[in-house]
Each structure stands twice: as structure tokens, then as C-alpha cells.
Amino acid sequence: EAIEEFFKTLKVKEISWYSHVHNTIYVDQASIGKTPRSCPATFIGVFDNIRNLFAWAQDSKLMWFTSGHFSFNSNKWACPECDGYGYKKIELQFLPDTYVPCPLCRGKRYKPEILSIRWHGKTISDVLEMYVHEAHEFFSDVGWVSDELKLMVDIGLWYLKMWQAAHTLSWWESQRIKLVK
């Protein structure tokens, strides 16, 4: 009875093979993030795994750093000049606002102590500056990071930067990132 009502709503008599569909995913049109800090890496959760890797680095252990130290949302470890945004906003009187790299961290988002920690020769900022396909290759020996990035590569989002601001993504890029999640 419910199926007949559904068919009536769609104005069709029959749908073939619908019994073979075992799962559907609803993807809405909402943005993946509401702040400039939202990015593909944070939205799909891979950034949490990357922060854990940096926390496990030998130098991190010596300094008692945890994964929380590698969050650019933390006032404690983010650059104090730009609050972890990596840029400064310059308000112009008769022109649109413009943004310039932070003079203190030069767009790296973190305090120097955090940027001194390296994993396979890269800082957390270096990793987040990578394109998705580069990060996928870089983490190829870490399956639980590489697998999440492989989905982004497979779905055609290999060209995005790991920390590209969510508000700069097109609606279809946002839709694909939601499918990855």
C-alpha cells in the first residue's frame, strides 16, 4: 500500500529493480561548514587521524603533546596573531575587505613549538597545505588515513587542498565531500 502511494506520488506505474536497493543516502544542500576554519579534512574527520599521528611522533612524546596541541582551533597552540586562521583581514574603507598572510606565522596557523614537530619530514601545516592526492600518497603506509583520502581521490576531489576553506567550495564539491563522509 505504501509502495502504491509512492508510485502515485512519482506518477509512475512501476519501478524495476527497486528491491535490489539496500541502502540510500540523503545528501542535503547545506554547506559543509559555517566558519572559515571548516575544511574538507576536518569535515570528513581525517584531520583528527592526522593530529593523532603527529601526537605519536617521538618529539611530541618528549614534549608531552597530545592531538589537541595540533588543532588550529586551540587558542593555546594556534598562532596568537591570527588565532589560527593563517591570515589577517584588512578592512578597506571603500573597497571589499582583503586578506593577507599573517605576519607572525606566515599562513602556517600554529605556534613555532607545534611547527617544530615533524612526521616523515613534514609539519602539520605542510600536510594540510597538500592537495588531497598528495596527502593520499604521503600517508600511503597509514591505512586508516590513506583510506579516507582515497575516497576523496576516487570521487574526483583529488585537486582540493586539505585545508581549503569550506566557503570556497562549489555546491557539487560540498555534495561529494558529504558522500565521502
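Buried means under 20% relative accessible area, exposed means over 50%, and partly exposed is in between (1.4 Å probe, protein chains only). Before starting, keep in mind that this is a predicted model: local features need pLDDT of at least 70, side-chain atom pairs count only at pLDDT 80 or more, and totals for chains, interfaces and linings use all residues. Residues are numbered from 1 along each chain as its sequence is written, and side-chain values use heavy atoms, with hydrogens and water left out.

**Exercise 1.** Work out which class Asp97 falls into, then do likewise for its salt-bridge partner.

*Solution.* Start with the value for Asp97: its relative accessibility is 36%, so it counts as partly exposed. Next, find the partner, which is Lys89, at 3.4 Å from N to O. Lys89 has a relative accessible area of 45%, so it is partly exposed. A search of the whole structure turns up 7 salt bridges.

**Exercise 2.** Find the salt-bridge partner of Lys161 and say where the two residues sit in the chain.

*Solution.* Look for the closest N and O atoms: Lys161 pairs with Glu129 at 2.8 Å. Now place them: Lys161 is in the loop between α8 (143-154) and α9 (171-180), while Glu129 is in the loop between α6 (124-128) and α7 (132-138). Helices here are DSSP runs (H or I, at least four residues), as strands are (E, at least two), numbered from the N terminus. The two residues are 32 apart, and the pair links distant parts of the chain. For cover, Lys161 comes out at 22%, which makes it partly exposed, and Glu129 at 38% is partly exposed.

Then check for shared partners: salt bridges join Lys108, Arg118 and Asp126 into one network. Within it, the closest N and O atoms of Asp126 and Arg118 are 3.8 Å apart.

**Exercise 3.** Decide whether Ser125 is buried or exposed, and list what it touches beyond its sequence neighbours.

*Solution.* First locate Ser125: it belongs to helix α6. Its relative accessibility is 1%, so Ser125 is buried. Leave aside neighbours within four places in sequence, and apply the contact cut-off (heavy atoms within 4.5 Å). What remains for Ser125 is Lys108, Leu115 and Trp163.

Conventions:
Salt bridge = Lys/Arg side-chain N within 4 Å of Asp/Glu carboxyl O.
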